[in-house]
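Dear colleague,

Here is the structure I promised to hand over, and my notes on what was found in it follow below. Please read them with the model open beside you.

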Amino acid sequence: MAVKTKDLRISPLGRVEGDLDLNVVVEDGVVVDAQAEASMFRGFEIILKGKDPQAGLIVTPRICGICGGSHLYKAAYALDTAWQTELPPNATLIRNIAQACETLQSIPRWFYALFAIDLVNKNYAKAKEYDEAVRRFAPFVGTSYEPGVTWSGKPVEVYAMFGGQWPHSSFMIPGGVMCGPTLSEITRSIAILDWWADAWLEKQWLGCSIDRWLENKTWQDVLDWANENESQYNSDCGFFIRYAQEIGLDKLGQGAGAFLATGTFFDPELYARPTIDGRNDALITRSGVYDGSGYHDFDHMRVSEDHTHSFFKGSGSLHPWDGVTDPIDPADGHKQGKYSWAKSPRYNVNGKGYIPLEAGPLARQVVAGRPGAADHQDHDPLFLDAIQTVGPSVLVRVMGRMHEAAKYMKLVKGWLNDVNLHEKFYIKPAELADGRGFGSTEAARGSLSDWIVLKDGKIENYQVVTPTAWNIGPMDGKDVHGPMEQAFIGATIEDMSDPVEMGHVARSFDSCLVCTVHAYDRKTGKEMAQFRIGDIC
Amino acid sequence: MASLLWFQGGACSGNTMSFLNAEEPSACDLVTDFGIDILWHPSLGMELGEQAQKIFWDCAKGERPLDIFVFEGTVIMGPENTGRFQMFADRPMKDWVIDLCNQASIVVAIGDCACWGGIPATAPNPTDSVGLQYLKKAKGGFLGDGWTSKAGLPVINIPGCPAHPDWVTQILVAVASGRTGDIALDELQRPQTFFKSFTQTGCTRVQFFEYKQSTMEFGQGTRTGCLFYEFGCRGPVTRSPCNRILWNRQSSKTRAGMPCTGCTEPEFPFFDLAPGTVFKTQKISGSVPKEVPVGTDHVTYMAHAAAARIAAPEWSKEDMFVV
């Protein structure tokens, strides 16, 4: 949340959130440098070495309690590919349902608890509808905040129906899922989701039916929709679109303009034998790379993680199967020009080399606009149109995420209908002693992947690449900044004492960490402003 | 009114996320109905203005009363006891933790990491993580054995990976409504009211346990049987109310067919996740569980098991949780 910080520069509490510090250097009103510093290390990849092959199912969800179900989902597929399992269709369906329900929970929780509280910041007090924003979105007491946050627990009740609990179940295992649901798990899930879709998604958020919303195919459709009738105009979504434009969120936060989706949700028939090569074609929400002008197929072998500016020994860039996690004291790292615990994932695009890519809901929706989808795959032109007509912005990014609530709701209902309670949910796999695997999904915040190497019945190497690393990772070995850093550089600040623009830019990245932006004046080296960006993964 | 400050050490935010699933009271109710004054939380809507920063230091210096200090995540000691693997507000987080613990009336550790070190402290514990008053089973941890808060209490441990939201909210309500005196702690400093019972207490599979009838495979196989014999379920040897106070108001891991991993106990993750230990019961000579239910021994257990199998009715060998 943006605050006036005149006094903060002398405060010893210059960095009140430890997780992510974004240091921005400003010269004559223009941002000339930016460094994103993830300031906490836990060493999960080190812990996993030498452990039981299935240890990742227990350990990786604990990397992030917010996307724990997504961690489980891709960890299970990493093992499925390594052990060459067979998955019964029901297992694929239950995994899809659980993954989607985690994201459905995240959408309102993120919007109200983490994003919209910024909309009541006193910087916007002059806005025409500021009082209305406060009435709706004020923390804990806002008329929309309270139901939005409290009811966000409903979709994960469905997760608990199959996984026992959310967060931190480990019920997805190679060969399927642990549960053998009965009729009432399915019917109660349908009832809970219907209740939530009615109470929050349709009544509070949209002010219309899911189907009406999904008729929007262009950005202009969305703008027209917001003024179509009183119900849509007064909905949280209608209000947000209007208010965001009034306070300028449609103009800021363009980002790198190149996007990555590794895709998620599998067609049960097409991924009965999960393989790395067969993954793209079996996806429902597609994978792909959009480099600003055209699309490319996703190929995990083109991913590389650079640690030149990360607090790990040495420098260089490695494919995650060969990845190394060898931490050093950050005090020593700073002397070597290193500044973050995040590594810098890069993707090799033909003709462009290894470049940074933005991950997240907008990336997913841009990839969804790629022509040539198979019958089982999602094709959705709305956000490709948005970035081609108005370009990426905070508003477009937020809407990309909120749009998925309607889409995922329909998908989950369909999968619940497809579960055949009289068929299997698990096929016991052979536990191969050696192998390599790749598993990936789309967490609410973007592409999340595991690379596993098994040797002699143990984990030889385990590397996790998170959406946050894609978005907020530091510079690579060629000193090319990560997407979030790039978005800052060149930004103009109107009022040096109140650089609200930086808050906008940072906020548009839905990073995995609570993020604090520190602005330093190049001439004096003094910290002149500080923002808290209320994003967590 | 009770003031509350919530910090995260080596944490995944899972306890915060679990907390946000709460109803009766919800996170909002705690603020609006029970007068919990959340001074600051890393991800919940609190403005980070000069005022909040002042509160921080005021609390750390003892100039402003801090009723409840909630800590989620491990205390990171590495590298080499500098704490620099987690910097927070230009200091190692561990330095904040000691200041705030010493000023708070009550200190609450939420989740395994804060209680015992949890997953980050699993061998080889690359960050030298510890819990507030334990490292795994060993007393001491960061604050030391014998440490007490201003109210004269040791750290209140609310373990679990994550902790159930009700375990957290009910303790907060107890404190806010003047019932701190009713919070009796067990020998691991966990509130007895939650952690006297076993995870197995209330499990829907308990009849299968009684007759020693095992689940034989995951998925459709979990429509019958108990997960203790083959799949490493720790329900009979773990203290928690997971099957008394259901998760997400709906279910529990063991009900849904997932073996309990013992995540409210200091040793979680058990056996340091060594090869062959994940979702597999550890056995002596291929058949007898290495660990038997609390309070029994192998000879008694085997005698009981033999009798139970003879007594097992036909229905205990069939599917119970059917379509």
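In chain A, residue A:V24 stands opposite A:A34, which belongs to strand β2(A). Please keep in mind throughout that this is a predicted model. Strand β1(A), residues 20-27, is largely enclosed by the rest of the structure, because 7 of its 8 residues are buried.

**An open sheet in chain A**

Strands of a sheet pair through backbone hydrogen bonds, and they may do so in either a parallel or an antiparallel manner. Chain A also has an open sheet of 4 strands with mixed pairing, in which the order is β9-β8-β5-β14. Its edge strands are β9 (295-296) and β14 (358-359), each of which pairs on one side only. Strand β5(A), residues 259-261, runs parallel to β14(A) and is joined to it by 2 bridges; within this pairing, A:F259 has A:E358 of β14(A) as its bridge partner.

**Two packed helices in chain A**

Two packed helices are described by the angle between their axes together with the distance between those axes. For helix α16(A), residues 382-389, and helix α17(A), residues 394-418, the angle is about 175° and the axes are 11 Å apart, which makes the two helices roughly antiparallel. The residues that meet are A:L382, A:F383 and A:A386 on the α16(A) side, and A:V396, A:M399, A:G400 and A:H403 on the α17(A) side.

**Cysteines**

A disulfide is a covalent bond between the sulfur atoms of two cysteines. Over all chains, the count of disulfides comes to 0. In chain A, the cysteine sulfur closest to that of A:C237 is in A:C208, and because the distance is 8.1 Å, the two are too far apart for a bond. A:C237 is buried, and its relative accessible area is 0%. In chain B, B:C242 is likewise in no disulfide, as the nearest cysteine sulfur, that of B:C263, is 6.3 Å away. B:C242 also counts as buried, at 11% relative accessibility.

Leaving out residues up to four places away in sequence, B:H164 touches B:S18, B:I245, B:L246 and B:W247.

B:E265 lies in another loop of chain B, the one between α9 (253-256) and β12 (283-284), and is buried as well, with a relative accessible area of 8%. Which residue does the side chain of B:E265 join in a polar contact of 3.3 Å? The partner is the side chain of B:R190. Beyond its neighbours within four places in sequence, B:E265 is in contact with several residues, among them B:D112, B:W116, B:L188, B:V237 and B:F270.

With best regards

Note on methods. Residues are numbered from 1 along each chain as its sequence is written. Chains are lettered from A and ligands numbered from 1 in the order in which they are written. This is a predicted model: local features need pLDDT of at least 70, side-chain atom pairs count only at pLDDT 80 or more; totals for chains, interfaces and linings use all residues. Side-chain values use heavy atoms; hydrogens and water are left out. Two strands pair if DSSP finds at least two bridges between them. A disulfide is a pair of cysteine sulfur atoms within 2.5 Å. Buried means under 20% relative accessible area, exposed over 50%, partly exposed in between (1.4 Å probe, protein chains only). Contact means heavy atoms within 4.5 Å. Axes are lines fitted to C-alpha atoms, for helices over the stretch in contact, and angles run from 0 to 180 degrees between N-to-C directions. Angles under 35 degrees count as roughly parallel, over 145 as roughly antiparallel, 65 to 115 as roughly perpendicular and the rest as oblique. A polar contact is a pair of N or O atoms within 3.5 Å; within protein, one must be able to donate a hydrogen and the other to accept it, and residues adjacent in sequence count only if both atoms are side-chain atoms.
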